[in-house]
Amino acid sequence: MRTVQPRPLPMRLLRARPGGILPILAILAVLLVLVALRQPDFLAPPSLMSFLGRSAPVILLAAGQYFVIVSGEFDLSVGSLVTAQVVVAARLIDSDPSRTWPVVALLLVGGALVGLVNGLITTRLRVPSFITTLGMFLILVGAVYLWSDGAPKGGLSEEFRRYGRRAFEDVPVLGRVPYALLVLLVLVALAVLLMRSDFGRTLVAVGDNPRTAELSGVRVWRTRTIAFVLSGLAAAVAAILLGGYSGVSFQAGVGLEFGAITAVVLGGVALGGGRGSVVGAMLGALTLELLFALMNFYGVSGALRSTVQGAIILLAVAVSATRNASRQGET
Amino acid sequence: MSDPRPVPLLALRGIGKSFLGVRVLHGVDLDLAPGEVHAVVGENGAGKSTLMKIVSGAYAPDDGTVEFAGEARVFRGPRDAQRAGIGIIHQEFNLLPERTVAENVYLGHEPVRRGLVDRREMVRRTGQLLASIGETALPADTPVGRLGVAQQQVVEIAKALALDARLLIMDEPTAALADHEVELLYGLVRRLQERGIGLLYVSHRLTEVFDLSDRITVLKDGHRVDTLWTADTTAGELVRRMVGRELSHYYPDRAGPDDLGPVRLTVRDGGNRKLRGVDLELRAGEVLGVGGLQGSGRSALARALFGVAPFTSGAVTLDGAPVRLRSPRTAIRAGIAYVTEDRKGEGILARQSVLDNALLAGRAVFAARSGRTARTGRARELLAAVEVRAAGDDQEIRFLSGGNQQKVVLARWLALDPRILLFDEPTRGIDVGAKAAIHDLVRRLAREGAAVLMISSELPELLGMSDRIVVMRDGRIAGELPAGATEEQVVALAVDATRERVQ
Amino acid sequence: MAALAAVTLLALAGCATDEPAASPSGSASAAGSGTGDQSKFFVQADYDAELALLDTAPTGPADKPWEQVLNPTMVDTAKFKKAGPHKICFSNAALNNPWRQVGFKTMQAEVEAQRSRIKEFVHVDAEGKDQKQIADINDLLGKGCDALIVSPNTTATLTPAVEAACRAGLPVVVFDRGVDTDCPVTFINPIGGYGFGHVGAEFVSQQMKPGGKVLALRILPGVDVLETRWSAAKVAFDKAKVDVVGVEFTDGDPAKTKKIVDDYLQRYGTIDGIWMDAGAVAVAAVEAFQDAGKPVPPMNGEDQLDFLKIWKDRKLNAIAPTYPTYQWRTPIIAALRILDGQQVSNPWKLPQPTITRENLDNYLDPGMPPLHYAMCGCADLPGYPQRWK
Amino acid sequence: MSVRSLLPARRPVPGVFVALALTLAIGWLVVTIDGGQLFNQSTTVSLLHVAAGLGLVAVGQTLVILGGSLDLSVAYVISLSTLVAAETMNGSDGAVLPAIGLALTVSAAVGLLNGLLVTRLRINAFIATLGVGLLLKGYLDSGYDGPAGTTAPTLVQTLGYQRVGPVPLSFLLLVVVTGAAWFALSRTRFGHHLVAVGGDPTVARLSGVRNDRVLVTAHVLCSLCAGLAGIYLASRLGSGAPRVGTEGLYDLESIAAVVIGGTALAGGRGGVVGTVGGVLLLAGIDAIFNQLEVDAFFKQVIRGAVIIAAVAVYAHRAVRKAAS
C-alpha cells in the first residue's frame, strides 16, 4: 500500500484488466498469423493498405456504436441509417459532381439529426434505446424505400466516390494509401482524443453509474444524447465511404448494426456501459473484417461463415465474461 | 412480560467477529425467550447490525456459538437461517412492487396443489397471516407497489412469518414510518409476541424500546455493556449506558467567534414531499451538525439543498441572493458540494480509476474553466493531500477500502473549491484512522471559509464536530442546540421524548 | 483461449472445403471442380427442355415479345368467360428489389393501358413473406375478384394456397416463379433459370483462356430461380472443365462483392472469368477489377442499365442473359383473354432474349436510371419514361 | 394511502387493447369510406393467420423478456423447426407425431443452449442469442438451398388451413398456448419465480428462488414456442422453409409485439395477454393497410413509429406512477 501516484504509461497500457485491449490484440495476432501462413502477400504494404481502407467504414461504425454502448445504451439504427444515407446521396447528387459537397454536408447533418432524435427519445421519453433504435430502424428503411419507390435512383458522382474508392498511388514503401484510410486515421485519432477528453471520460462515467454522474453535475441525458449523435455522425461518414467504395444499393447497410455491436463486444466493451476502450472496439471491427478475409483465403464455404462467426463471438465473449466474473469474485 | 424460559429460543455465546483485522464484536452473549421482545440498542458502529447479520446467517461468526431452539447451529447463508425459522426484516424492503401482497409473501415457496400454485389458498393463507397480526384491512391481492411504507413492512413481516419464523429480527423497523404507522407496528409486535415468536428489535428510538421490549441489551464498540430488564430501567440510564464513554477520539477544535463569516445560505419555510417548514441558516466558517433519526428528513434536507429533490416551496438565498437549486448541476455551479450517504450506489464509479473518480465533477461542470493538465495535476495533489492509499491512481476504485473511496470522493469535490459542503454520513463504514483524517479535513475546510453542513447518526461525531446542531424529526427541524450540547439532549429532540403518543 | 478456439475453428472449416492448391490435379475433374454437389433443384428434363427452348422460334407478334409464346399448347378457357369490365387481383411476392419494382410499374402501366376493360386492380404486397402471401391470397378470395394473378414468393410453400384459390373457381394466373400444381389456368414465365445460367456460363467458359479460373458470385442460397441458374451454369462449367475456384454469396451487397473479388484476386493472382446468377452486383465486380488494376475478365451481368453502361464505356467482354421484366405485362393480357374465353397457352413460355455486344446499343438508353431493366418492354406503355424514373 | 390500498386488486387492462380497439375502429371507418370491407370473412381469417404465427413466437418471447432476458435466435429456430418437422414427416401422415416431437426437441435444445450461455457463462442475452442465431444460420445456409421436406397432408389440412367459422385452428392453438403461458405465469411456481427474477434478481435469490434454473426454463419454453410456430408454418407452407423465420422478421417483430403489449423490456412487468394484444395490433395495422393497398414501406414507417410511441406511453405512465 502506498499513496497514489501515476504509474509509467507502458505499464498502464499493458495491464490486463477487464475491458482492456489485450485479448482482442491476441485474437488479432492469431488471425494475422493464420493469414500469413496462408496468404503471405496479403501482409505486403499495398494489399494491407487496401484492406485497411475497405475496412474503414465498419471500423468507424464500431467507434460510433462504442460511444453509445459505453454510455449504457444500444444503437440498432446505424445499418439502416447507412443505407438511407447512401440512397439519399445518390438521388440528391444524381451524378452531378457540383452537388457533391453540399450533399456530404447534408449527410453529416442528417446523421447527427437521426442520432439526436434517437438520443432525445431515449433520454427524455425514457424509451429503452433498444426499442427506440429498433423503431428508428424500421422507420428509416421504410422511409427510404418509400421515397425512392423501392429502387435507388440517381447516381453518385466520381467526386463523392473517390473517398471510399480511390487512393494515393505510388506512395513510397506503402505502395498506395486509400483516402478512406486517411479519413479513418484522422477519425481514429479524434475518437481517441475524444475518449481521453473530459467528455469521453464523462461518457464512460455515465455508463458506469448514472446516479453518481448525475450527482456530480453531469447532465446524463445530454451526454447520452451526444453519444447517439456521434453514432449518427459515424454512420454518416461510414455511409460516405461505403457509398464511395461500392456505389449505391439498398444492401449498403444491411446487418451493419449487428456487426458493429458484435465488434464492440469482441473488443472488450461491456454491454451496459462503463467499461472498454474505443481502440478495443475498433480493433474488434478490424478483427471481424480480417476474419471474413481469412475465410475467403481459406475458402470456407460461404454458407458456413455465419457459423464460424457465431462460434468465435460466443467463445470470445464467454471467455471474457467468465474472466470478469472471477475477478469480481476477488473483491 | 415473561421470564426467560429454561431453554431460550436463541442463545448467543461469546460471539466475535472481525473485518479486515478490525474487531467489531467482542464475545457478545445474548438470550432470547419465545415470546420475548428483546431490544438491542447502541450507537452506530456499536456492532448491532453485524450481530443481527450473524443471527440471520448472512455472516458467520469468528468466535462463539449460535444456539437456536436448543441446538448449536452454523448457518450457511440467509436461506439456511430462513428454513430454520429465523426471519429478518430489513430496512430496505425485499419486495417486488409489481407483484401482489400474496405473491410477495409466498415468493419462493408458493403453496401448490397438484403441482399448481393454489392462488386461492395463497391469498387465503396470506389473509390469515395478515389477520393473525391484526391486519384485516390489507387485501392480499393488491400490488405491493401501491401500498404505503408501513403496509409494505407488514408484508415483509408476513413474508417472514409465512416461513414459520419463530424468531424475527427487526432492524430499525420504524425508521421509514410516520407517527400513526408506528402505532400499527406496536400492535403488530404485541400480536407476534402473543404467538410465542421471539423478536430481536434493533432501534434508535428509545420510546419504542421502552414501549415494546421486555429486556434491553446495550452494545457499545462491539462489547455488550449490559442486559437490563426494561421495567427496571429508565431512559436516562439507558442513554448513559449507550453513550457513556471515555473520550476516545480527538476532534479538531471548533470554530472560534472570529472564524465565523457571513451568512452563506438561508432557507425560509422550505418544503417538498419529505420536508416541511424548514428554516435554516448556514454561515461561512461553521460546521452545522444535523442530527435526527434515519428517515427524519436529514438526508432529504441535504438533497433538497443540492437540487436532487429540490424544495418545492419556500425560498433559498445564497450570499443574500435568491437562488433556485433545481438540479445538482445548478447547485454545483453555485458552489455547493454533496458527499452522499450511499457511497456505492451514487458516490463512486466502481469500475473507473481513482483519478477518473476524482476528476468527475470538475470535468462535468467546469470543463472550460481550467486546462486539462492543470486539473489533473490538481486532482493528483488533492488525492495525495487527503492521503488516498491505492496501488496507483489508475487503479479501479472498487478495489479500494471504504475510507479510501470516501477520500477520493472528497478530493473530487475539493477540486471545485466549493463554498458550501453537504456531508451525509461522511464516515459511515470507515475505519478509525480514516475517520480522524476526514474530521480534520472537514474542520480545515470550515476554517478556510467554507460553510459545512454535516449529517451524522453518530452522536459523538455530531457533538464533537459541530459548532451548532439542528435536530430533525418528521421532516421538520425539531430544535437547535449549541456547541457543547449533550448526547441526551440530541436524543431527546430526535426521539421526541416528550411527545404524547397518539392513540 | 478464444483465439485458440478461433484457430481450431478455422482449421476445421478450412479442412472441410476443397483445396485447389493442395490437389491441382483434382481440379480438372468434374467432381473436384469446386462447383460442389449439384443442387437438388436441378431437374435434368427441365434443363433439357429449357435449353431446347433457347433455340426455338416464338409464335406471336415479333415486336411484342410479351405476347409471344414458345411452343404454345393452348387450353380452353370458355368456362371463365365473363362480361367486363373486370376486377383483377394480384398477390405479389414482394416489391423489395429493383427488378420487381420495374416489373410492377410495367404491370401498372399495362393495367392503365387496358383501363377500359379493368374496373379495378387490387394489389397486395406480401413483403417477401410466404406466410403473409398465403394469407393475402386467402384474403383476396373474399373480395370478388374476377381473376387472380399470383407471383409466388416460394414455389413449394405457396402451392397449397394457390390450390385453394383454384378451388374457389376463379381463373388463376401464375407468373415468374411457378407452383407445384397444374390448377392455374396458365403459368407465365420466360424460358427460365437454366437458360439464364447456361447462356452466361457458356459465354464465360468459351471466352476465357482454357483452364482458367472462374469465380461464381451468387446472391443468396435457397432462392429457387437463382438455384436453377447456378445448377445450369455448373453443368456448363463441368462440361467445359473450367476451374471454378469459388462460389460465394454476396447478399446482393456491392461492398461484400468487392471484398470477395478483392480477396480472390489476392489469393489466385488472376481471375479469368466471372459468372453471376443475377446482375445486381455486376458493376461492383467490375469495379473490383478496376480498383485492383486488373483487366476485367469475360463475365456476364443482366440487363440493368448501370451494367450495360459500364459494359459499353469500358468495352467489356460481356454478355447479359435476361429474365425480362416485360413478363409482368403478360399476366394482365392473359387474364383478360381468359375472361374473354379466348384460348391461352399453358404454360406460356416467353422468349428470353440475351444482350450481346452486337445488340447492346439497342438496349442502352442513357436517359433511364441506372437500376432500370432494359428488357421491360415498356416503351409503348402510358407514362413512359417518367413512370420508370 | 390507506384509501388507495383498499381499492380492489385489479390488474389494469393493458393499454394495448384500447389502442387495438381504436385502430380497428378507425381502420374500419377508413376502409369502409374507401369502399372496402375490413371484417369480412377472408380478411378476418388472414388477419388471424398472420397473428397466429407471430403470436406463438411472441408469447415465448414474452416469457424470456419477463425474466429479464431476450431471444434473438427465434427466427432461426422457426426455420429449423419447419425443416425438421417437414423432413421427418416427408408427406406421411403416420410420422406426424414423431415429427412434431423431434421438431420440439430440437427447438428445446437450442433454448437450453441459449439459457446455459446466459446463466452459466453469463454472456449478455443479446450477444448470446445473436451468436446462437448465427450458428443456426450457418447450418441452415449450408444445409439447405430451398424448401425441403413435405408436411403431412393431415397437418396441412388441419393446422394449416382448417378453421372454425372465421377462426383458424392455428389461432385457436395460439389461444391455447397463450392460455397455457398465462396459466404458467400465474399458477405455477415457475411463473411466479420468473416474474420475480425479472423484477429483481436479488429479491428473488434472497427469497429462495433458483434464478438460473428459472431463466433456463424460460429460454427452453421460448424456443419451444418458436418451434411450435415453426410447425404451424410448416403446415401452412406444406414444407420446411429455411428462411421463413428471417423473412418474417420474427425476431424483431416478436420483441416489438411484446413491448407494445406492455411488457417491460427490462423484465418483471407484463404478461402474455398484452402480447397477444400487441400481435393483434400489428396484424390489424397490416390488414387495414392491405385493404387500403398502402405501400408496404409506408406500413413499416408506421410500425416503427407505433413501437416507439407505445413504449413512450408506457414509460410516461411509469414515471407518473413513480412520481405520485
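Predicted model: local features only at pLDDT ≥ 70, side-chain atom pairs only at ≥ 80, totals over all residues.
Residues are numbered from 1 along each chain as its sequence is written, and chains are lettered from A and ligands numbered from 1 in the order in which they are written.

Confidence is given as pLDDT, the predictor's score for each residue, from 0 to 100. Chain B averages a pLDDT of 85, and 91% of its residues score at least 70. Within chain B, confidence is highest in strand β18 (residues 336–339), at 96, and lowest in helix α8 (residues 235–243), at a mean of 75. Helices (H or I, at least four residues) and strands (E, at least two) are DSSP runs, numbered from the N terminus. The pLDDT is below 50 over residues 1–5 of chain B, a stretch with nine contacts in the model beyond near neighbours in sequence. It is also below 50 over residues 499–503 of chain B, where the stretch has three such contacts. Two residues are in contact if their C-beta atoms, placed from the backbone, lie within 7 Å.

Chain B has an open sheet of four strands in the order β2-β1-β4-β5, with antiparallel pairing. Two strands pair if DSSP finds at least two bridges between them. β2 (22–32) and β5 (71–73) of chain B are the edge strands, each pairing on one side only. Neighbouring strands of this sheet are turned by 30° against each other on average, direction ignored. Inside the sheet, β1 (residues 10–19) and β4 (residues 63–68) of chain B are joined over five bridges in the antiparallel sense. Ala11(B) stands opposite Glu67(B) in β4(B). Helix α1 (residues 48–55) of chain B lies across β1, β2 and β4 of chain B and runs at about 120° to β1(B). Axes are lines fitted to C-alpha atoms, for helices over the stretch in contact, and angles run from 0 to 180 degrees between N-to-C directions.

Another open sheet of chain B has six strands in the order β6-β9-β10-β3-β11-β12, and its pairing is mixed. Its edges are β6 (86–89) and β12 (223–229) of chain B; each has a single partner strand, so one side of each is left without a neighbour in the sheet. β6(B) and β9 (residues 167–171) of chain B run parallel and are joined by four bridges. Here Gly87(B) stands opposite Leu168(B) in β9(B). Helix α5 (residues 149–162) of chain B packs on the sheet, touching β6 and β9 of chain B, and its direction makes about 165° with that of β6(B).

In chain A, helix α5 (residues 100–124) has 25 residues and reaches 35 Å from its first C-alpha to its last, close to the 36 Å expected at 1.5 Å a residue. The expected span is 1.5 Å times one less than the number of residues. Just after α5(A), Arg126(A) takes a positive phi of about 55°.

Chain D touches both other chains. With chain B, 20 residues of chain D are in contact with 26 residues of chain B. The largest share of that side of chain D, five residues, comes from α9(D). With chain A, 36 residues of chain D are in contact with 37 residues of chain A.
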